[in-house]
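Here are my notes for a colleague opening this entry for the first time. Please keep the viewer at hand and follow along point by point.

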Amino acid sequence: MDLKDRVRELRAEGRSPKEIAKALKVSPSVVAPLVRAIAAEATAAEPEVVGCWINTGWSEGLTVDPARGWVDEAPGAGVGGLVSVLVARRHTWDRMAVAGYLADVYCLGAKNAIGPDVLDDLELSRFRQYFFGEYAGFQEAPIELARHLVFGSVDYARTLGFEPHDDFAPAADLLGKWEGEAAITFGRDGRPFYAQGPGDDPAKVLRTLRRTLSDEDFDYVTAGR
């Protein structure tokens, strides 16, 4: 075990820098920068994930790498390519930072995001019921699946000419680091598919799609079609 590891171990026991220096028989000036570096590492580390949920039916129309072992507890119960993801990370011992994401996995990517907000257990339970209220149900999910669904759909949407909603950036950090290689094939059965939703400007969406694709290369449903 090197000196930094010994300092980390003693620091975890609550020892002061002077006590650590004495225990290791080195100068306090040697210990001080190591203590600062260890503190910086702890600050940079991602907070613990204490909960991650997605709606059942999330895999509808998607092709997912089977090697990942990701399970949809109610395949076929999705809502037209709209997937909701909720993530909670430790904030303090009794409260959590929570963010929610709505992803159009067939076309538009991140349509909306909520948070991060700091909630206690009861508040999170109530919010989770509200957040998934439009779906048949929700299930626990690994954070890796959440990342692939949300960041992956954003990357896919960008290939079609769409940027994520402005609310996405402030909430994105709770998903963790994205390596940029999705294990999911987006689009409905591999094809871009746009279904008009509340607040959409369908004419603008279709113009954007037509700058990238021919009409034969995507499908859509709007109020007028």
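1. Asp 167 touches Asn 112 and Ala 113, leaving out residues up to four places away in sequence; contact here means heavy atoms within 4.5 Å. Asp 167 sits in the loop between H5 and H6. Helices (H or I, at least four residues) and strands (E, at least two) are DSSP runs, numbered from the N terminus. With 34% relative accessibility, Asp 167 counts as partly exposed; buried means under 20% relative accessible area, exposed over 50%, and partly exposed in between (1.4 Å probe, protein chains only). From Arg 15, which is 152 residues apart from Asp 167 along the chain, the C-alpha separation is 42 Å.

2. A word on what you are looking at: this is a predicted model, where local features need pLDDT of at least 70 and side-chain atom pairs count only at pLDDT 80 or more, while totals for chains, interfaces and linings use all residues. Residues are numbered from 1 along each chain as its sequence is written, and side-chain values use heavy atoms, with hydrogens and water left out.

3. Now for the overall build. The protein chain has seven helices and nine strands. Its radius of gyration is 22 Å, well over the 17 Å that the globule rule gives for 225 residues, so the chain is more spread out than a compact globule. That radius is taken over C-alpha atoms, and the globule rule is 2.2 Å times the number of residues to the power 0.38. Along the principal axes, the C-alpha trace spans about 80 × 40 × 35 Å.

4. Buried residues make up 43% of the 225 residues. Among contacts with a separation of 6 or more, 69% come from residues 24 or more positions apart. The accessible surface comes to about 12,200 Å², and 51% of it belongs to carbon and sulfur atoms; such areas come from the Shrake-Rupley method with a 1.4 Å probe, and for residues only the protein chains shown count as cover.

5. Which residues touch the most other members of the largest nonpolar core? They are Tyr 101, Phe 168 and Leu 209, out of 47 residues in that core. Several elements each supply at least two residues of this core, including strand S1 (49-55), strand S4 (95-104), helix H5 (143-160) and helix H7 (202-212). H5 gives the most, with 10 residues. A second, separate core of 11 residues includes Trp 53, Ala 88, Val 98 and Leu 119. By nonpolar core I mean a set of buried Ala, Val, Leu, Ile, Met, Phe, Trp, Tyr and Cys residues joined through side-chain atoms within 4.5 Å.

6. Please look at Met 96 in strand S4. At 4% relative accessibility, Met 96 counts as buried. Leaving aside neighbours within four places in sequence, the contacts of Met 96 include Val 50, Ala 88, His 91, Leu 119 and Leu 124. Met 96 and Glu 48 are 48 residues apart along the chain, and their C-alpha atoms are separated by 9.6 Å.

7. Is Ile 20 buried or exposed? Ile 20 counts as buried, at 0% relative accessibility. Its place is in helix H2. Beyond residues up to four places away in sequence, Ile 20 touches Val 7, Leu 10, Arg 11, Arg 15 and Val 31.

8. Finally, some backbone details to check. A cis peptide bond joins Gly 115 and Pro 116, with omega of about 5°, and Pro 116 is found in strand S5. Lys 25 has a positive phi of about 60° although it is not a glycine; Lys 25 is in the loop between helix H2 (17-24) and helix H3 (28-44). Asp 189, also not a glycine, has a positive phi of about 55°, and lies in the loop between S7 and S8. Asp 189 is exposed, with a relative accessible area of 64%.
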